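Here is a short briefing on the structure shown below. Keep the model open while you read.

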Amino acid sequence: MRNLLLVVLLVASPLALAKTECTTADKSQWQDQAKFQEGLKAQGYDIKKFKVTDGNCYEIYGWNKDKQKVEIYFNPVDGKVVKSEIED
C-alpha cells in the first residue's frame, strides 16, 4: 500500500508543478505590454495586477466587464486566452 501511495505521488507531482505555457515565440514578436493592457481596459477589464509569467504569458488579476473577479493567462503574441478563472 505504501508503494502504491509513493507511485501516485511521483506521478502526480509533475502535474501539480506544471506551469501554464503560453508561447515559445521570441519576445520581439510579443505585443507591447502597455498597448495590450489598454486594449483589455477598452474591453471593460479593470486590471488590478498585470505580470509576465515564467510560462511566457501575460497574466492579469482583476475584474471583467460584468464585475466578476478574474485571473486570465493570455498568449502575448496573438492575445488569445490560454487559461482563465472567473469567480462568480
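A residue counts as buried under 20% relative accessible area, as exposed over 50%, and as partly exposed in between. Asparagine 56 has a relative accessible area of 22%, so it is partly exposed. The model is predicted. The protein has two helices and four strands. From the N terminus, the order is α-α-β-β-β-β.

**Overall figures**

- The protein has 88 residues, and buried residues make up 28% of them.
- The accessible surface is about 6,500 Å². Carbon and sulfur atoms hold 52% of that surface.
- Take the contacts with a separation of 6 or more: 34% of them come from residues 24 or more positions apart.

**The sheet**

- Four strands make an open, antiparallel sheet, in the order β1-β2-β3-β4.
- Its edge strands are β1 (46-52) and β4, and each pairs on one side only.
- From one strand to the next, the twist averages 15°.
- Strand β2 (residues 58-63) and strand β3 (residues 69-74) run antiparallel and are joined by six bridges.
- Opposite tyrosine 58 stands phenylalanine 74 of β3.

**Helix α2 against the sheet**

- Helix α2 lies across β1, β2 and β3. Its direction is at about 150° to β1.
- Glutamine 37 sits in this helix, which covers residues 33-42.
- The relative accessible area of glutamine 37 is 18%, so this residue is buried.
- Beyond its neighbours within four places in sequence, glutamine 37 is in contact with Ile47 and Phe50.

**The disulfide**

- A search of the whole structure turns up one disulfide.
- That disulfide links cysteine 22 and cysteine 57, with an S to S distance of 1.9 Å.
- The link of cysteine 22 and cysteine 57 is right-handed, with 95° about the S-S bond.
- Cysteine 22 is in the loop between α1 (2-17) and α2, while cysteine 57 is in the loop between β1 and β2; the pair therefore ties together parts 35 residues apart in sequence.
- Both cysteine 22 and cysteine 57 are buried.
- A disulfide is a covalent bond between the sulfur atoms of two cysteines.

**Valine 81**

- Valine 81 belongs to strand β4, residues 81-87.
- With 47% relative accessibility, valine 81 is partly exposed.
- Leaving out neighbours within four places in sequence, valine 81 is in contact with Ile72, Tyr73 and Phe74.
- The C-alpha atoms of valine 81 and cysteine 22 are 9.0 Å apart, and 59 residues separate the two along the chain.

- Asparagine 56 has phi near 60°, a positive value in a residue other than glycine.
- The loop between β1 and β2 holds asparagine 56.
- Lysine 67 also has a positive phi, near 65°, and is a residue other than glycine.
- Lysine 67 is found in the loop between β2 and β3.
- Is lysine 67 buried or exposed? Its relative accessibility is 63%, so lysine 67 counts as exposed.

Technical notes: Residues numbered from 1 in each chain as written. Predicted model: local features only at pLDDT ≥ 70, side-chain atom pairs only at ≥ 80, totals over all residues. Heavy atoms only, no water. Buried < 20%, exposed > 50% of the residue type's maximum accessible area, 1.4 Å probe, protein only. Contact = heavy atoms within 4.5 Å. Pairing = 2+ DSSP bridges. Axes fitted to C-alpha atoms, helices over the stretch in contact; angles between N-to-C directions. Disulfide = S-S within 2.5 Å. Areas by Shrake-Rupley, 256 points an atom, 1.4 Å probe, with all protein chains shown as cover.
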